[in-house]
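Colleague: Please take a close look at one part of this model for me. I would like to hear about the charged side-chain pairs and their surroundings.

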Amino acid sequence: CPFLVLQTQGEMVAGKETSVTVEFTNPLKQTLENVTLRLEGPGVLRMMKEEFRQIPANSTLVWEVKCIPKQPGLRKLIASLNCDALRHVYGELNVQIQKP
């Protein structure tokens with residue numbers, strides 16, 4: 001079952017811009033078309049959505065999102081991918097937001 005890999009750039013500090021990357025490798029022998037990626041993380045970023053026309057077979061997509069976490073504490077980032085050929089592909093990551 002395919003999944004999304006979420007990563008953050010170094011430490012996340014409240015009030016400081018950082019970036020989150022979502023990585024997905026297409027495991028199918030076909031090109032995925034009209035792919036929608038969503039990323040959300042209450043307290044870290046508002047819901048972001050990106051459309052990708054095509055992801056070729058066996059290729060890897062990396063989507064980078066800039067964000068500024070608002071409050072310190074433990075938060076969860078959740079990503080999901082949908083398209084006709086693949087439904088409900090998920091990934092999540094717990095992140096610790098540091099005090100400024």
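**Salt bridges in the predicted model**

Modeller: Start with Asp-84, which is exposed, with a relative accessible area of 67%. The model is predicted. Asp-84 pairs with Arg-87 through a side-chain salt bridge, 3.7 Å from N to O. That sits inside the 4 Å cut-off. Side chains of opposite charge can pair when their charged atoms come close.

The whole structure holds four salt bridges. Among them is the pair Lys-76 and Glu-92, with N and O 3.1 Å apart. Lys-76 belongs to strand E7, residues 73–82, while Glu-92 belongs to strand E8, residues 89–98, so this pair ties together parts 16 residues apart in sequence. How accessible are the two partners? Lys-76 is partly exposed, at 34% relative accessible area. Glu-92 has 53% relative accessibility and counts as exposed, because the exposed class begins over 50%.

Glu-64 is partly exposed, with a relative accessible area of 47%.

Now the setting. The UniProt record, an unreviewed entry, lists residues 6–98 as "domain: Transglutaminase C-terminal". In the model, that span is 67% strand and 0% helix. The C-alpha atoms at its two ends, residues 6 and 98, lie 19 Å apart. Strand E8, which carries Glu-92, runs over residues 89–98.

Methods. Residues numbered from 1 in each chain as written. Predicted model: local features only at pLDDT ≥ 70, side-chain atom pairs only at ≥ 80, totals over all residues. Heavy atoms only, no water. UniProt positions renumbered as here; feature names shortened; annotations may be inferred. Helix = DSSP H or I, 4+ residues; strand = E, 2+ residues; numbered from the N terminus. Buried < 20%, exposed > 50% of the residue type's maximum accessible area, 1.4 Å probe, protein only.
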